[in-house]
Amino acid sequence: MTVKDAGRAARPAGRAPAKRSPAGDPGQQADSPELIQLLTPEGERVEHPDYPLEISAEELKSLYRDLVIVRRIDFEAIALQRQGELGIWASLLGQEAAQVGSGRALTPRDMAFPTYREHGVAWCRGLDPMKLLELFRGVSHGGWDPTEHNFHLYTIVIGSQTLHATGYAMGIQRDGAVGEDGEAVIVYFGDGATSQGDVNEAFIWASVNNSPVVFFCQNNQWAISEPLERQSRVPLYQRAHGFGFPGVRVDGNDVLACLAVTRKAMQAAREGQGPTMIEAFTYRMGAHTTTDDPTRYRLSAELEAWKLKDPIERVKQYLIRSQQAEMSFFDEVEAEATRVGARVRAACLEMPDPEPLSMFDDVLTEETRQLAAERAGFAAYLDSFVGEEVAR
Amino acid sequence: MTTLTLSRALNEGLRKALEDNPKALIMGEDVGKLGGVFRVTDGLQKDFGEARVIDTPLAESGIIGTAIGLALRGYRPICEIQFDGFVFPAFDQIVSQLAKMRYRSLGSVRLPVVVRIPFGGGIGAVEHHSESPESLFAHTPGLRVVACGDAADAYTMIQQAVRSDDPVIFFEPKRRYWDKAEVDVDGGLAAALPMDQSRVLVPGTDVTVLCYGPMVRTCAEAAVAAQDDGRSLEVIDLRSLAPLDTATIFASVRKTGRCIVVHEAVVTGGIGAEIAAQITQECFYSLESPVLRVGAYTTPYPPSRLEEHYLPDLDRILDAVDRTFGY
C-alpha cells in the first residue's frame, strides 16, 4: 500500500458521504493531505521522506508492551466501573498508539498537559495508574504532583488546558530554556475541543509568541455523539496554517508514525521553531465514557472497519513478520499485562475512602478562619454521632 | 510620605513588586506601551521589558489561562482585565481552573496569580464598563478577593497580593483612580495591615457602616455629614471580601448595635447579604435593628444618565442611617 492509499484508507468506512464538496468534508483526504504513516494496518513498514525512523527491536518491543499494558489497564477500569467500583471511566480503547507514540516521544524534562483520557500518556510518564483510578472512583480530583513526572493534572473542562500549556511554554521561553538543549510542552485535546474558544486562543497565543508547545489533537471522530462534521468543515490539521504554524495529520493508530511525528515537532519546539499542531487521526472504539451508549448514534459497521486498523495488532504482525520477536515475547507481555491488571484491580478494591475532614484541605495555602470554623463545626457534628446507635 | 493618585500608587506598588520578585510579570490588554487604559502600568514595560510586561492578544480567557500556565512554571503573573464587564470571558478559567487547581492537586500546586479588575460605575461609561461583579468571585472557594479604597492601601495591597501564594482577585475603584492620598512609599510592607484584615477608617459609636472600594470615600463623607444630625458612624473599610474579617465586623456591631453595608453591587445575593446573615447569627443579641443594605437595585447596570439614581450616594446612606434608628 502506498502512502497515498493509506491516507484514503483512514477515512472511516460506514459513514454516509457528505453532500457538500469533498474538500469541505473533514473526514476526506481529497485536497490533500498525506496521512503520515510508517506502519500500515497490515503491519507493513513503510517509509516517509520527512519522518525517517530508526528503531531497534528492543524499542519496538517496548512500545508494543506499553500498548498492550495500557489497553489492559483500560479494560480493568471498565470492568471495575461495571462492578460499581468506579463512578465512571473514560476509555482510551483504539487510541493507544496515539498516546503511547506521542508519550514516548517526550523527554523527562518536557511537560505534558492531558485531558481526562490520556491514560496511555500517563503510563509513559510513569504515573501510577492508581492515581487515575482515584479520580474516577471519586477519591480525589487527581491529586498528583504535576512536577513529579512532568505530567499535569487531568483537565475535565474541554480545551482549558491548551492555555495552561501555552502559558507554561511562555515560561520556558522566559527561563531561557529554548535552544539546543531546550524544553517543550505537549498538550492533548480532542476533535470536539477544537471548537472551544480556549483552544483557538491558545493557538493565537502560541503563534504570536512562537512558544515551544505542540498541540496534539486526537481526532477520534466523535465528541460523545457528535461526529467531526459538527465541529469542522476543514480537516483539523489545516486549521494550524490559518494561525501561522504547521499542522500535520498522522495515522493515530500507527505508533511509529505518532512517535516520529511527535519527536520532530517537539524537537522543533525545543529549538525555538515554535508550535506545531498534530492531528492524530484515530477512532474511539469504545463509548465516550462508561455512561455513554454509542449504538444510539453510530453504526457498528464503522467500528468494524476501524477494528481492522487496530493499533496493537499491526505492531504484533510487524514484529512477527520481521522476526524481531519470538512468540514467547508476546506471551511474556500478556502475562505482564495480566499482572498489572490484577494489581490495578486489587489496589482499587482496597482503596479507602478519604477522611471526611480532608474535604477542607488545600482550598488556599493558608486556611481562613471561616473555613477553620466550618471544619471544626463539621468535626463536632460528626463527633455527635459517636456511640449513638443508628436506628434503621 | 508622598501624595499620589490611587492609579499612581498602584503603579508604584507594581513597580516595587516587579523589582522585588524577578518572577513577577504583568500581562493584559494595552498594558505595555500605552500603560493601560487607566495608566496603572504606565512606564513599566519601558523599564522592565516586553518579556515581563506583556501586551496580550485581546482574549480574557487566554490571559488567565496562560497566566495559570506561567504560574505552574514558577512565575507570578499579575493580569489586568481592562474593565469589570470584560472579565466574563475569563470567568471559566478563573472559577473552574484558577480557583480549583490547588484543591485538585491536593495542595501540590500553587497559583500565585493576581487578577486586577477596575470596577464600579460613576464615570459616565457605556455598558459593561461600570459593573461590580465581586460577589461572584467571593462566592467561589479557592480565591482571595480584595478591594482597595484609597491610594495608601492600593500601594501596599497590590504588593501583598503579588506576594500571596493564592489567586487574588484585586478590585480597583475606577472612579477613585484620580483621588489623591498620602502614601508611604518607603515604608515597606512590614508595618502594613495584612491584606485580609479590615480597617476602622472612622471610629464611631452609633452605627457600623461597612464598605469597600469606591464607597469608602462616600461613607467617610457620610460620617461627617451624620455628625450634623448628632450621629456617630463607625466606618469600616472591609478591604478583604473573601475571606471576610468578621472579627473586626462583629466587634464593631456588638458596640454599635446597628449596621449598614454599602456597596455599588446589586444587593441581591451580594456581599452585604452574606455579611447581614453572619451578623444576624453571631451578634443577634447586640442588634438594635436589622442589618440594612445600601446598594444597586436588582437591574442590569442602567445607561449612564441614570447611574446617579442607581448608585448609592451620601444621601442614600444617610437615609439608611435614619431608617436604622426607626426600629
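This is a predicted model: local features need pLDDT of at least 70, side-chain atom pairs count only at pLDDT 80 or more; totals for chains, interfaces and linings use all residues.
User: At what angle do α5(A) and α13(A) pack?

Analyst: Two packed helices are described by the angle between their axes and the distance between the axes. Axes are lines fitted to C-alpha atoms, for helices over the stretch in contact, and angles run from 0 to 180 degrees between N-to-C directions. Helices are DSSP runs (H or I, at least four residues), numbered from the N terminus, and strands are runs of E (at least two). Here, helix α5 (residues 129-137) and helix α13 (residues 327-350) of chain A pack at about 45 degrees, with axes 10 Å apart. The two helices are therefore oblique to each other.

User: Which residues of α5(A) and α13(A) meet?

Analyst: Residues are in contact if their C-beta atoms, placed from the backbone, lie within 7 Å. From α5(A), A:P129, A:M130, A:L133 and A:R137 meet A:V344, A:A347 and A:C348 of α13(A). This contact has six nonpolar, no polar and one charged residues. Ala, Val, Leu, Ile, Met, Phe, Trp, Tyr, Cys and Pro count as nonpolar, Asp, Glu, Lys and Arg as charged, and the others, Gly among them, as polar.

User: How many residues does each chain bring to the contact between chains A and B?

Analyst: Chain B gives 34 residues and chain A gives 33. On the side of chain B that touches chain A, α3 (60-72), α4 (91-98) and α5 (101-104) of chain B each supply at least two residues. The most come from α3(B), with nine. By class, that side of chain B has 13 nonpolar, 13 polar and eight charged residues.

User: Is B:F38 buried or exposed?

Analyst: A residue is buried if 20 or more other C-beta atoms lie within 10 Å of its own, exposed if 12 or fewer, and partly exposed in between. B:F38 has 20 C-beta neighbours inside 10 Å and so counts as buried. B:F38 is found in the loop between β2 (24-28) and α2 (44-48) of chain B. Leaving aside neighbours within four places in sequence, B:F38 is in contact with B:S7, B:P118, B:K174 and B:Y177.

Terms used
Residues are numbered from 1 along each chain as its sequence is written. Chains are lettered from A and ligands numbered from 1 in the order in which they are written. Angles under 35 degrees count as roughly parallel, over 145 as roughly antiparallel, 65 to 115 as roughly perpendicular and the rest as oblique. Two residues are in contact if their C-beta atoms, placed from the backbone, lie within 7 Å.
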